[in-house]
Amino acid sequence: ASDTEYEFTRHLIDNDLIPDDVEIQVLVQAREHLIRRTFESIRGAKQAIIHLYNSTNPLQRRVTFGMDKEQIKSIAVKGTQLVKSLVPTVADTHIRYEYSPESFSDTELEYSLEVCEAVMDVWDPTEKEPIILNLPATVELATPNIHADQIEWFCRHIKNRDKAIISLHTHNDRGTGTAATELALMAGADRIEGTLFGNGERTGNLDIVTV
């Protein structure tokens, strides 16, 4: 929704620079004006992933938002409702939906699961059109085996596992982003977000070239 990214996305679409087998992915905070602007940015694309996020960890709940768990969950639910309502406004674009509890690595597992399942209830995914649930190690707080344990627990406990693609989004604060990703894939994840040669940050800074 920011001016630079908006103009870049419009340039790709208006000049037909996106190959037919490529999905663009746009990342947006769960805030109404940003969501609406993001939908404007993808108008005319053949296919796109709308990636919504809000932070869920205890520190940000208390300090940044001054909200309790139900209020934070409501941000995710209302954002998802708005995204779903806007899909018909881009009828020529095949939309896939992705949600991130932004600070998954520092959020109680049970609460992350609760929020993600509430989002799934609104989006109503199917096996053919699954939701992407992205579980970010926004800050790499623990060793790779602990991250993999978190992913495994989530995969084992989420309802309708066949209607969700579990996505990884690792960072490299401890220098172990690749190891965390590899172990988390073995623990049950399906998808990786990252960068080329580690340049960038909005998809984590895992080097996909190395992986």
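## Packing of α5 and α6

Angles between axes that are under 35 degrees count as roughly parallel, over 145 as roughly antiparallel, 65 to 115 as roughly perpendicular and the rest as oblique. In this predicted model, α5 and α6 pack with their axes 11 Å apart and at an angle of about 45 degrees, and the two helices are therefore oblique to each other. The crossing that α5 and α6 make is right-handed.

On the α5 side, the residues that meet α6 are Leu109, Glu110, Ser112, Leu113, Cys116 and Glu117, and their counterparts in α6 are Gln150, Trp153, Phe154 and His157.

## Ser112 and its surroundings

Ser112 belongs to helix α5, which spans residues 109-123, and is buried, with a relative accessible area of 0%. When neighbours within four places in sequence are left aside, Ser112 is in contact with Phe104, Thr107 and Phe154. Phe104 and Phe154 are themselves buried.

## Aromatic pairs

A search of the whole structure finds two aromatic pairs. Phe104 and Phe154 form an edge-to-face pair, with 6.0 Å from centre to centre and 85 degrees between the planes. This pair links distant parts of the chain, 50 residues apart, since Phe104 lies in the loop between β3 (94-101) and α5, and Phe154 in helix α6 (residues 144-157).

## Arginines over rings

Two tyrosine rings carry an arginine over them: Arg37 lies over the face of Tyr6, at 3.6 Å from the ring centre, while the charged end of Arg61 sits over the ring of Tyr111, 5.0 Å from its centre.

Note on methods: Residues numbered from 1 in each chain as written. Predicted model: local features only at pLDDT ≥ 70, side-chain atom pairs only at ≥ 80, totals over all residues. Heavy atoms only, no water. Helix = DSSP H or I, 4+ residues; strand = E, 2+ residues; numbered from the N terminus. Buried < 20%, exposed > 50% of the residue type's maximum accessible area, 1.4 Å probe, protein only. Contact = heavy atoms within 4.5 Å. Phe/Tyr/Trp six-rings, centres within 6.5 Å; stacked < 30°, edge-to-face > 60°. Lys NZ or Arg CZ within 6 Å of the ring centre and 35° of its normal. Axes fitted to C-alpha atoms, helices over the stretch in contact; angles between N-to-C directions. Left-handed = near helix turned anticlockwise from the far one by under 90°.
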